[in-house]
Amino acid sequence: MTRGTTIRARGPLRLLGTTSLPGIARSAPQARAFVLRVAPHIDAEALADIVLCVDELVANACEHTASGLGGTVTVIVSAAGEVLRVTVLDDGGTAAAPRVHDDPCGENGRGLRLVDALSTAWGTHRALGGTAVWAEFQVPAGLRTACSLSCPPLTRPAPRGHVPFGGTSS
């Protein structure tokens with residue numbers, strides 16, 4: 001079960017940042033820190049929900065896909081208007097699409113239940129041999145700074161081991 005099978009962001013998405021991390025559980029805190037760095041214009045309370053969802057999506061990619069078998073997970077943060085979108089791309093290896101399980105007391109599916117509750121929309125699609133799971137969050141105009149509307153995207157040097165979205169490492 002996914003909500004929002006269509007993209008809810010209005011207009012073209014502006015890339016705020018992308019990073020690739022090892023497919024291990026310790027990458028979840030790094031993914032959270034990455035989102036905090038590329039979206040400092042978001043209100044702290046809203047950002048807490050966003051990074052919780054990023055943590056869950058990265059943990060799922062590491063636990064349930066080939067990313068956790070020596071692969072990588074890629075986190076992409078983009079925005080359009082009052083919408084912030086986070087996408088987690090895994091290395092594939094599972095036939096089933098991620099879904100919220102019906103049993104709220106079950107061992108699995110609780111992370112996506114959180115994503116479903118905290119995001120305005122989320123969904124999945126096949127991408128680059130894996131699965132992309134995206135979640136969108138409404139960021140009311142009052143929670144954005146003027147800089148978030150006019151500043152250029154981050155132009156930091158790529159960290160060691162960084163693989164550009166859709167690219168290969170050198």
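Predicted model: local features only at pLDDT ≥ 70, side-chain atom pairs only at ≥ 80, totals over all residues.
At 38% relative accessibility, His64 counts as partly exposed, because that class lies between buried, under 20% relative accessible area, and exposed, over 50%, with a 1.4 Å probe and protein chains only. His64 belongs to helix H2, residues 44-64; helices here are DSSP runs of H or I with at least four residues, strands are runs of E with at least two, and both are numbered from the N terminus. Between the C-alpha atoms of His64 and Gly93, which are 29 residues apart along the chain, the separation is 8.4 Å.

Residues are numbered from 1 along each chain as its sequence is written, and side-chain values use heavy atoms, with hydrogens and water left out.

Let me turn to the chain as a whole. Its secondary structure comes to four helices and five strands, and from the N terminus on the order of elements is β-α-α-β-β-α-β-β-α. The chain has 170 residues, of which 44% count as buried. Contact means heavy atoms within 4.5 Å. Among contacts in the chain with a separation of 6 or more, 67% are accounted for by residues 24 or more positions apart.

Next, the core. A nonpolar core is a set of buried Ala, Val, Leu, Ile, Met, Phe, Trp, Tyr and Cys residues joined through side-chain atoms within 4.5 Å. The largest nonpolar core has 33 residues, and Val35, Ile50, Val58, Val75 and Val77 touch the most other members. At least two residues of this core come from each of strand E1 (14-22), helix H1 (27-38), H2, strand E2 (72-80), strand E3 (83-89), helix H3 (110-118) and strand E5 (130-138). With ten residues, H2 gives the most to this core.

What does Val35 touch, not counting residues up to four places away in sequence? The list is Leu47, Ile50, Val51, Val54, Val75 and Val77.

Val35 also takes part in the packing of H1 against H2. On the H1 side are Ser27, Ala28, Pro29, Ala31, Arg32, Val35 and Leu36, and these meet Leu47, Ile50, Val51, Val54, Asp55 and Val58 in H2. The two axes come within 9 Å and cross at roughly 145°; axes are lines fitted to C-alpha atoms, for helices over the stretch in contact, and angles run from 0 to 180 degrees between N-to-C directions.

Also in helix H2 is Ala46. Is Ala46 buried or exposed? Ala46 is buried, because its relative accessible area is 18%. The C-alpha atoms of Ala46 and Val139 are separated by 7.5 Å, although the two residues are 93 residues apart along the chain.

Gly23 lies in the loop between E1 and H1 and, at 7% relative accessibility, counts as buried. Apart from neighbours within four places in sequence, Gly23 is in contact with Cys62, Ser67, Gly68, Gly71 and Thr72. From Gly23 to Thr74, 51 residues apart in sequence, the C-alpha to C-alpha distance is 9.2 Å.

Arg126, in strand E4 (residues 121-127), counts as exposed at 54% relative accessibility. The C-alpha atoms of Arg126 and Asp90, 36 residues apart along the chain, are separated by 9.7 Å.

Finally, the rings. Arg85 lies over the face of Trp134, at 4.6 Å from the ring centre; a charge sits over a ring if NZ of Lys or CZ of Arg is within 6 Å of the ring centre and within 35 degrees of the ring normal.
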